Amino acid sequence: MIKESKSKVLNKRLEKAIRLSKSFEDSFYIIDLELLERDLNHFRKAFSSVDNIISYSYKTNYLKCIVQYLNKKNVRSELVSPFEVDLSRSYLIDADQIIYNGPLKDDDSLLYVLSGDGLVHADSLDDLINISNVIEKSKLSKKRLKIGIRLSFDDNDLKSRFGIDFNLDRFSQVLQILKKLDVTFPYSFHFHYPSRDFTS
């Protein structure tokens, strides 16, 4: 007798459950957590020779079960809006596990992430000035602020509609704003690689 593999048995059970379901009108997701963990382990192995942090973008899919599962696997939450920050709070994700990107951040979400030791990337000079104003108004402790900046370069492969257009004058402005917060240098840099061509 040939024993069916675990995945085939699960697929048959899943197919039966879908056929018996009375909610064909509704959309739904099928999540293979074993496959997700396998892919995550492959990804970690590929970058094991360098210091790295893996994060998961909520805009990809912010289902609670996926976010909480990845959080337990030490994957950080990458957020781009106050709505996503609120979601992370409702999912009980600690602020120090958040990387907050995006051009539209409100004061409350900024304060929550920064005060909880999370990382915030400024998407523009205006965004950085707003981050600075929120910190000054709230009298937030400046001892462990994690403020990074997102950069765009005047290069066909690295030119992006996101981030601060890099030149020495703008970077000097960034450093001056950070200096007022007792931050000597950006905590990190964020780049958007628009071409998605890793062969060049």
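Gly116 is partly exposed, with a relative accessible area of 25%, a value that lies between the 20% limit for buried residues and the 50% limit for exposed ones. The model is predicted.

**Gly116 and its surroundings**

- Gly116 belongs to the loop that runs between α5 and β4.
- When residues up to four places away in sequence are not counted, Gly116 touches Ala95 and Asp96.
- Gly116 and Arg144 are 28 residues apart along the chain, and their C-alpha atoms are separated by 9.9 Å.

**Helix α5 against helix α6**

- Two packed helices are described by the angle between their axes and by the distance between those axes.
- Helix α5, residues 107–115, packs with α6 at an angle of about 75 degrees, and the two axes are 10 Å apart.
- This angle makes α5 roughly perpendicular to α6, because angles from 65 to 115 degrees fall in that class.
- On the α5 side, the contact is made by Asp107, Leu110, Leu111 and Leu114; on the α6 side, it is made by Asn130, Ile131, Val134, Ile135, Lys137 and Ser138.
- By class, the contact of α5 with α6 comprises six nonpolar, two polar and two charged residues.

**Helix α6 against helix α7**

- The axes of α6 (residues 125–138) and α7 (residues 168–180) come within 10 Å and cross at roughly 5 degrees.
- The two helices are therefore roughly parallel, as an angle under 35 degrees counts as such.
- From α6, the residues Leu125, Leu128, Ile129, Ser132 and Glu136 take part; they meet Arg170, Gln173, Val174, Ile177, Leu178 and Lys180 of α7.
- The residues of this contact of α6 with α7 divide into six nonpolar, two polar and three charged.

**Ser132 within helix α6**

- Ser132, found in helix α6, counts as buried because its relative accessibility is 8%.
- Leaving aside neighbours within four places in sequence, Ser132 is in contact with Ile177 and Leu181.

**The largest pocket**

- The largest pocket has a volume of about 1200 Å³.
- It is lined by 30 residues, of which Ser55, Glu78, Asn101, His190 and Phe191 are the closest to its centre.
- At least two lining residues come from each of β1 (55–57), β2, β4 (119–122) and β7 (189–191).
- The largest share of this lining, three residues, is supplied by β1.
- The lining of the largest pocket contains 15 nonpolar, nine polar and six charged residues.

**The largest cavity**

- Rolling a probe the size of a water molecule over the atoms shows where empty space is left.
- Tyr56, Tyr58, Val67, Leu70, Asn71, Val75, Arg76 and Ser77 line the largest cavity.
- Both α3 (64–72) and β2 (76–79) supply at least two residues of this lining, and the largest share, three residues, comes from α3.
- Five of the residues lining the largest cavity are nonpolar, two are polar and one is charged.

Methods
Residues are numbered from 1 along each chain as its sequence is written. This is a predicted model: local features need pLDDT of at least 70, side-chain atom pairs count only at pLDDT 80 or more; totals for chains, interfaces and linings use all residues. Side-chain values use heavy atoms; hydrogens and water are left out. On a 1 Å grid over the protein atoms alone, a cavity is a set of points where a 1.4 Å probe fits but cannot get out, and a pocket is an open set with protein on both sides within 12 Å along at least five of seven lines; lining residues have an atom within 4 Å of a point. Helices (H or I, at least four residues) and strands (E, at least two) are DSSP runs, numbered from the N terminus. Ala, Val, Leu, Ile, Met, Phe, Trp, Tyr, Cys and Pro count as nonpolar, Asp, Glu, Lys and Arg as charged, and the others, Gly among them, as polar. Axes are lines fitted to C-alpha atoms, for helices over the stretch in contact, and angles run from 0 to 180 degrees between N-to-C directions. Angles under 35 degrees count as roughly parallel, over 145 as roughly antiparallel, 65 to 115 as roughly perpendicular and the rest as oblique. Contact means heavy atoms within 4.5 Å. Grid points are joined across faces, edges and corners, and a volume is the space filled by probe spheres set on the points. Buried means under 20% relative accessible area, exposed over 50%, partly exposed in between (1.4 Å probe, protein chains only).
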